[in-house]
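Hi everyone, thanks for making time.

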Amino acid sequence: MLKYKIVLAGSKDVGKSSLIARFCDNVFHEKTMSTIGVAFKRKKVKVNDNISIELHIWDFGGEEKYRTLFPSYCNGASAALILYDITDKESLNDVKNWVKIIDKNAIEKVIKILIGTKIDLEDQRVISVEEAKKASQKFDCLGDPLETSSKTGENVEKAFLKVSKEIIKQNLQYCKNCQEFYIKNLKFCNYCGAKSELEPVPL
Ligand SMILES: Nc1nc2c(ncn2[C@@H]2O[C@H](COP(=O)(O)OP(=O)(O)OP(=O)(O)O)[C@@H](O)[C@H]2O)c(=O)[nH]1
Ligand SMILES: [Mg+2]
């Protein structure tokens with residue numbers, strides 16, 4: 001099983017740990033403990049009938065005092081989910097700080113995806129979809145931001161599926177000869193030995 005590291009970033013209380021808890025364990029808690037330092041979870045994602053990957057998900061405490069830990073963990077990450085809370089203006093302003101750290105510390109290009117949280121609190125929304133779209137473009141994140149709710153579960157699976165598909169697109173190729181998936185920079189399929197033709201993975 002191919003394993004990929006992803007990191008979750010974003011201000012304190014945006015809902016990083018809650019998003020992971022909903023995705024990995026299908027639970028939600030109204031009261032949570034702030035993440036102290038770093039936390040880690042694994043989860044298998046079935047992208048389609050032929051391909052599954054294992055995500056190694058790193059969760060960071062959003063409090064200022066833990067930010068010094070974040071740069072070294074960006075190393076080797078295939079993707080970063082950067083979260084903002086649709087009810088908290090400051091959390092979108094903070095996105096630029098996370099992006100700066102990610103871009104500076106990643107050895108290879110990291111896929112960045114902007115994720116809005118807490119859409120069940122629509123009546124308290126202060127960040128418009130348009131505003132978030134602009135931020136996503138400005139910070140070179142993938143596509144439009146996805147808005148989620150860890151409370152209802154809305155779009156949570158979709159967010160991790162989006163990141164998984166993009167990881168596969170960027171890292172794997174498809175062998176027409178034996179229908180296996182293998183690492184992109186290889187010149188020959190490491191299952192059947194056929195010459196690579198740079199076939200994108202059919203997703
Ligand atoms: N209504 C609602 N509340 C949410 C949602 N996601 C998280 N929360 C609440 O927001 C608070 C903070 O959530 P956490 O997941 O602990 O936030 P965090 O980003 O991990 O915070 P730190 O670890 O301190 O950086 C908790 O009270 C959660 O219940 C959501 O989708 N909807
Ligand atoms: Mg947390």
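Let's begin inside: the largest nonpolar core has 44 residues, and the members touching the most others are Ile6, Leu8, Ala9, Ala79, Ala80, Leu81 and Ile82. There's another core lying apart from that one, made of five residues, including Tyr174, Cys175, Phe181 and Cys189. Keep in mind that this is a predicted model.

Leaving out residues up to four places away in sequence, Ile82 touches Ala9, Gly10, Val95, Trp98, Val99, Lys112, Leu114, Ile115 and Cys141.

Okay, on to the ligand. Which residues are closest to ligand 1? Those are Gly15, Ser18, Ser34, Thr35 and Gly62, out of 24 residues that surround ligand 1. If you sort that shell by type, you get 13 polar residues, nine charged and two nonpolar. Helix H1, residues 16-25, gives the most to the shell, with three residues.

Now for the backbone. As a rule, most residues other than glycine have a negative phi. Here are two that go the other way. Aspartate 13 sits in the loop between strand E1 (2-9) and H1, and its phi is positive, about 75 degrees. Lysine 118 has a positive phi too, near 70 degrees, and you'll find lysine 118 in the loop between strand E5 (111-117) and helix H5 (129-138).

So are these two buried or exposed? Aspartate 13 is partly exposed, because it has 17 other C-beta atoms within 10 Å. Lysine 118 has 24 C-beta neighbours inside 10 Å, so it counts as buried.

Key
Residues are numbered from 1 along each chain as its sequence is written. Chains are lettered from A and ligands numbered from 1 in the order in which they are written. This is a predicted model: local features need pLDDT of at least 70, side-chain atom pairs count only at pLDDT 80 or more; totals for chains, interfaces and linings use all residues. A residue is near a molecule or strand if its C-beta atom, placed from the backbone, lies within 6 Å of it. Helices (H or I, at least four residues) and strands (E, at least two) are DSSP runs, numbered from the N terminus. Ala, Val, Leu, Ile, Met, Phe, Trp, Tyr, Cys and Pro count as nonpolar, Asp, Glu, Lys and Arg as charged, and the others, Gly among them, as polar. A nonpolar core is a set of buried Ala, Val, Leu, Ile, Met, Phe, Trp, Tyr and Cys residues joined through C-beta atoms within 7 Å. A residue is buried if 20 or more other C-beta atoms lie within 10 Å of its own, exposed if 12 or fewer, and partly exposed in between; C-beta atoms are placed from the backbone. Two residues are in contact if their C-beta atoms, placed from the backbone, lie within 7 Å.
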